[in-house]
Amino acid sequence: MTSPESIIVISRHILEKIDNFQVGTIGIILGSGLGEAITKLDKAIEIPYSEIPGFPQSTVKGHSGSLIYGFMQEKPILVFSGRFHIYEGYTAAEACTTVRVMGELGIKTIFITNAAGALNPRYDAGDLMLITDHINFTGHSPLTGPNHDQWGLRFPDMSKVYCEKLQAVALESARATAVRLERGVYVQVSGPNLETPAETRMLKMIGADAVGMSTAIEAVAAVHMGIKVMGIACLTNKNLPDCMAETTHEAVIEQAAKSSAAMSVLIKDIITRLN
Ligand code: HPA
């Protein structure tokens, strides 16, 4: 499922369905509950993951599982609505199939979105957070195993995972559209259980502002392939170690769905500013 050969097979299948696939396409991964963040693409072609041979399947409620290609402000966009997680039983490499396929298709820029819990007490449920850096706390790397030299280096540098230029554009967009955009460090845990108060305290102490179960490994796979990454977390719940509130998956999905409109405005504006 994750060998270069299998990624080529998946990519060929996608190209057969999307005959006008263009150079310069921007890739977007939509996280839990954020399926509504990108709804109207011009000339849209939708391919359910279930119709892509060899493609993993989303097993989680709130992750719709389809690929959408189309145009926004005349720019070509490939949206992965639904992703794969380590907690579903996928290896870190398998969970990054979306990214590997984008790399194989020649995509050079990707926006990764997710739902996350706020750890920084100044941030609230409903805020969006531009990811400035990450901590991969899963204990897994998508690069484990033989390195595929055609994808990237054995020991890729991770000193600037989240493209500084894209971050600057995102901040400009946030100002122009009056969408509140916090900034911070995202920590990825394996899940699927949420964190205890002690774990939450530790994650804050090691420097994280938000916690989630995706993104860091995807960003690593993208940087490995030389793809520029922008990450935006949708903060769906507030985790304060000294007065931990209960969180449910349903509440996370509901809050992410509410923030989809702001995410949508921001992403559209960012795309208009890219050349
Ligand atoms: N923890 C981990 N992942 C999450 C959370 C959280 O609090 N909220 C949304 N995804």
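Leaving aside its neighbours within four places in sequence, Ser66 is in contact (heavy atoms within 4.5 Å) with Glu46, Ile47, Pro48, Tyr49, Val79, Phe80 and Ser81. This is a predicted model, in which local features need pLDDT of at least 70 and side-chain atom pairs count only at pLDDT 80 or more, while totals for chains, interfaces and linings use all residues. Residues are numbered from 1 along each chain as its sequence is written, and side-chain values use heavy atoms, with hydrogens and water left out.

Ser66 belongs to strand E3, residues 66–72, where strands (E, at least two residues) and helices (H or I, at least four) are DSSP runs numbered from the N terminus. Because its relative accessibility is 7%, Ser66 counts as buried, a term for under 20% relative accessible area with a 1.4 Å probe and protein chains only, exposed being over 50% and partly exposed in between. The side chains of Ser66 and Glu46 are joined by a polar contact of 2.8 Å, that is, a pair of N or O atoms within 3.5 Å, of which, within protein, one must be able to donate a hydrogen and the other to accept it, residues adjacent in sequence counting only if both atoms are side-chain atoms.

Burial also marks helix H6 (residues 216–224), where nine of the nine residues are buried, so the helix is largely enclosed by the rest of the structure. Among these buried residues are Glu218 and His224. After H6 comes Gly226, with a positive phi near 80°.

Turning to helix packing, helix H1 (residues 4–17) and helix H3 (residues 97–104) have axes that come within 9 Å and cross at roughly 70°, the axes being lines fitted to C-alpha atoms over the stretch in contact, with angles from 0 to 180 degrees between N-to-C directions. H1 and H3 are therefore roughly perpendicular to each other, as angles of 65 to 115 degrees are classed, with under 35 roughly parallel, over 145 roughly antiparallel and the rest oblique. In their contact, Ile7, Ile8, Ile10, Ser11 and Ile14 of H1 meet Thr97, Arg100, Val101 and Glu104 of H3; by class, this contact has five nonpolar, two polar and two charged residues. Nonpolar here covers Ala, Val, Leu, Ile, Met, Phe, Trp, Tyr, Cys and Pro, charged covers Asp, Glu, Lys and Arg, and polar the others, Gly among them.

Helix H4 (residues 164–177) packs against helix H7 (residues 249–273) at an angle of about 120°, with the axes 9 Å apart, which makes H4 oblique to H7.
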